[in-house]
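Biologist: Please put up the sequence and the model, and I will ask about a few details.

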Amino acid sequence: MTRKKIPGFFRYLALLPLLFLGGCSSDFWLFNPKGIIAQTELYYMIVDVAIMLVIIVPTILFTVWVMIKYRAGNNATHAPKWSHSNALEVLVWGVPVVIVVVLAVYSYIGTHQVNPWNPTIVSEHAKYSKAKPLEVDVITTDWQWLFVYPSQNVAASNELVVPVDRPVNFRLTSTSVTNNFFIPQIVGQVYVMPGMRSKQSMVVQHIGEYHGFTAALSGGGTSWMQFKVKAVTEADFNAWVNKAQQSTDKLTYTTFKTFAKPTINTGGKVQYFTDVQPDLFGHVIKNVRDGKLLYKTPMFLTENMLSNEFKQHSN
């Protein structure tokens, strides 16, 4: 089941006022989806706004009409004994009830279609339901992203590479504070919490490079908690895996503990690992719960980004 592609003009029409914020960004990520999940979310957002405009626009017009008709100096009819109107009762109560019901139905359907644990827009799709999903474990630290590919036995920091037109299933956790996994053009936000497991799923439909980041404040390094998302062909993905497997850096739990230390990542440094320790994801969750992954953040990491200490430790 898929949603019809929204024409470019109508895509912006429902949220026209927001276009005046154009000076704040060079690209409207939310209005330019490149994945089936983001496209579905945009569809329902426009539907919600359009339905609410059914109430807002007539109310504004009616208010203006009343102000003009009953303004001082206008000889409008005065009916001091008027007290009831069946038509008004139906209008005032009936229309909101109908709108709430419609919104409830759309909310129910939309929530299930983009549900992170099982997005039906993907599982019921004729093409994507038959494809073998790519499994990726996501671990956030202070302040980097680590993407582990268990089946491929490789991992990458601050770079997520996925094949197009293939479902991707994520397991997500954090070593310290709560982050937020967000790729505006591909998939919506989901919390990444310490000692807990979250899930997310997505499908990228267009080859390209996209922007991912945390949408939650996670301490002094929030500004550099970003990562690149590269959507490539299946052949290019396999070539990337082969390249990553040539890395001499092995990802054991001991290596990970060093990686997880508070780090300046303003340069978005990418590092590849191979020989990933089996079930590293579960091992991290257990040790976070046991309080074995606690680090004290050095002041120079966040106190003064112009200091020599900061520049020396920047990657």
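Biologist: Asp142 has no salt bridge; which side chain of opposite charge is nearest?

Modeller: In this predicted model, Asp142 is buried. A salt bridge requires a side-chain nitrogen of Lys or Arg within 4 Å of a carboxyl oxygen. The nearest side chain of opposite charge is 13 Å away, and that residue is Lys261.

Biologist: Which side chain makes a polar contact of 2.9 Å with Asp142?

Modeller: Asp142 sits in the loop between β1 (134-140) and β2 (145-149). Leaving aside residues up to four places away in sequence, Asp142 touches Thr175, Ser176, Val177, Ser218, Ala260, Lys261, Pro262 and Thr263. The polar contact of 2.9 Å joins its side chain to that of Ser176.

Biologist: Which are the edge strands of the open sheet?

Modeller: The sheet has six strands with mixed pairing, in the order β8-β5-β1-β2-β3-β11. An edge strand here pairs on one side only. That applies to β8 (198-202) and β11 (271-274).

Biologist: How large is the average twist from one strand to the next?

Modeller: The value refers to the open sheet of six strands. From one strand to the next, the twist averages 20°.

Biologist: What is the bridge partner of Val168 in β8?

Modeller: Strand β5 covers residues 168-174 and pairs with β8 in the antiparallel sense, over five bridges. In β8, the partner of Val168 is Met202.

Biologist: At what angle to β5 does helix α7 run?

Modeller: Helix α7 spans residues 280-289 and lies across β1 and β5. Relative to β5, the angle is about 25°.

Notes
Residues are numbered from 1 along each chain as its sequence is written. This is a predicted model: local features need pLDDT of at least 70, side-chain atom pairs count only at pLDDT 80 or more; totals for chains, interfaces and linings use all residues. Side-chain values use heavy atoms; hydrogens and water are left out. Helices (H or I, at least four residues) and strands (E, at least two) are DSSP runs, numbered from the N terminus. Buried means under 20% relative accessible area, exposed over 50%, partly exposed in between (1.4 Å probe, protein chains only). Lys and Arg count as positive and Asp and Glu as negative; His and the chain ends are not counted. A polar contact is a pair of N or O atoms within 3.5 Å; within protein, one must be able to donate a hydrogen and the other to accept it, and residues adjacent in sequence count only if both atoms are side-chain atoms. Contact means heavy atoms within 4.5 Å. Two strands pair if DSSP finds at least two bridges between them. Axes are lines fitted to C-alpha atoms, for helices over the stretch in contact, and angles run from 0 to 180 degrees between N-to-C directions.
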